[in-house]
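Please read it alongside the sequence and coordinates shown here.

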Amino acid sequence: MTETAKLIIDGKTVELPIIIGTEGEKAIDISSLRQQTGYITMDVGFGNTGSCKSKITFMDGEKGILRYRGIPVEQLAEKATFRETAFLLLNGRLPTLDEITQFSVMLNDHSMIHEDMQVFFSSFPRGSHPMNILAAMVNALNSFYPYLQDETDINFIFTRLLSKVRTMSAMSHKISRGHKVVYPKADLSYCANFLNMMFDSPVKPYRIDNDIVKALNVFWILHADHEQNCSTSAVRVVGSGKVNLYAAISAGISALWGPLHGGANQAVIEMLTRIHEDGVSMNSIIKKAKDKNDPFRLMGFGHRVYKTYDPRAKIMKKMSDKILKKLKLDDPLLDIARQLEEVAVKDSYFVDHNLYPNVDFYSGIVLRAMGIPTDMFTEMFAIGRLPGWLAQWKESMDDPEWKIARPRQIYIGNPKTKYISINKRDLETKEAE
Ligand code: CMC
């Protein structure tokens, strides 16, 4: 028998079903509440609202747990590739040797993009933000590679998108600098191919370094999914109107761009650079972040779900040390980040508010060391998040309980008011003067 919760409202007792997840997460199903009582629930920012049941990612914000399809992200970061992780998210299980080979062949076969798209790229005004370009280009894919609703092999469409987004991102980087585009190579892995397309040039051929390739794999694995965050919810909500897949993914890219979400990786580096260049003390930055009258927030700190150290941030912190050592780079921003973390995690405000470094706090340092330009950081997050968005979109499309997303509201505007003609309004204003 289903467990229920009892709600007493207007003297009437209503029984609402309880839903329990695999890891004991509990929810009260309020879908019949309005019908039974006339009430809706209010939850601004959806901090207490489940929008779906999902088999993709499990997070425990109190314990700092993140698992994709049941596998801890720490194990994937250590042992898997991003390609394998993408397969896992999309298919619900790890691939066999044959399947991963087949997946690689498909990724290679579809890595080229329509030459006409280059013209499209070049037409963006100089200095356009890469996220602007990526969102527009992904939306435009529907015209270049029409997505047919009755196309049976959805994995083909997903693989094509995963491959083309990587090529488009590297290509837009080259075009934005007025450099010759580097085409993908069939003998390179997913991550090595991206680095080569970004950095190879006729004057200085790019040398693939396995440690850098590994670092990029880890970076993308850590960003591959994060359950119902802002951009993933955007993909699901926009997709729920049965728009084409590219439009839904483009909406996710746009949602990710904000500095409170994926744009935080760029915002962190900009903040650390300002601290470095202006010689601002750690204490004054912390004071500013705590000041209720100042909109400044410590970028790369805090999370809606994690109330402890973000498990991704732990891995990213170790990675930043390793990569800088390997490349023999001495990035002053890493020292500033370490000092800032040290002061913040001991400060009572940050302790009381459960504010810890999140994934974006150290990721910019890793990307900088790889040579990725700062304005491309959020695009790097987007490439990593793509398998998650695709898996979540597919799950929502296949969900027998799925409905078009349509929240309600409590209206607090004017009560019923009479229309007054413009002449009469004008006359009344003049008379009042
Ligand atoms: N610096 C200073 N104070 C903060 C910060 C911060 N980074 N984050 C939250 N707070 C305070 C906030 O002022 C509020 O204080 P009070 O209760 O006294 O008014 C309290 O903590 C709760 O904040 P909130 O905005 O209600 O919390 P939220 O769960 O809605 O916001 C967040 C989560 C990530 C938007 C927020 O922590 C933030 O703005 N962080 C900085 C931006 C950032 O690093 N974003 C990347 C998130 S991880 C990448 C991803 O997955 O998107």
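The charged end of R166 is placed over the ring of Y190, at 4.4 Å from the ring centre. The model is predicted.

**Aromatic pairs**

- The structure contains 11 aromatic pairs.
- In one of them, the ring centres of F301 and F350 are 5.6 Å apart with planes at 80°; the pair is therefore edge-to-face, since plane angles over 60 degrees fall in that class.
- This pair joins distant parts of the chain, 49 residues apart: F301 is in the loop between α13 (282-290) and α14, and F350 is in helix α16 (residues 348-352).
- F301 and F350 are both buried.
- F301 also pairs with F361: the ring centres lie 5.1 Å apart and the planes are at 85°, so this pair too is edge-to-face.
- Because F301 sits in the loop between α13 and α14 while F361 belongs to helix α17, the pair ties together parts 60 residues apart in sequence.
- Both F301 and F361 are buried.
- Ring pairs link F301, F350 and F361, together with Y349 and Y362, into a cluster.

**Helix α17**

- Helix α17 (residues 359-370) has 12 residues, and at 1.5 Å a residue these should span 16 Å; the end C-alpha atoms are 17 Å apart, which agrees.
- The helix is mostly covered, with 11 of its 12 residues buried.
- Among the buried residues of α17 are D360, F361, Y362, S363 and M370.
- The cover over the buried residues of α17 includes α8 (190-199), α9 (210-223) and α12 (264-278).
- That cover also includes α14 (311-326), α15 (332-346) and α18 (377-398).
- Just after α17, G371 adopts a positive phi of about 95°.

- H261 is located in the loop between α11 (245-256) and α12.
- Its relative accessibility is 15%, so H261 counts as buried, the cut-off being under 20%.
- Leaving aside residues up to four places away in sequence, H261 touches N229, C230, S231, A255, L256, D360 and R385.
- One of these contacts, D360, is a buried residue of α17.

How values were computed. Residues are numbered from 1 along each chain as its sequence is written. This is a predicted model: local features need pLDDT of at least 70, side-chain atom pairs count only at pLDDT 80 or more; totals for chains, interfaces and linings use all residues. Side-chain values use heavy atoms; hydrogens and water are left out. Helices (H or I, at least four residues) and strands (E, at least two) are DSSP runs, numbered from the N terminus. The expected span of a helix is 1.5 Å times one less than its number of residues. Buried means under 20% relative accessible area, exposed over 50%, partly exposed in between (1.4 Å probe, protein chains only). Contact means heavy atoms within 4.5 Å. Rings of Phe, Tyr and Trp (its six-membered ring) pair if their centres lie within 6.5 Å; planes under 30 degrees apart count as stacked, over 60 as edge-to-face and the rest as tilted. A charge sits over a ring if NZ of Lys or CZ of Arg is within 6 Å of the ring centre and within 35 degrees of the ring normal.
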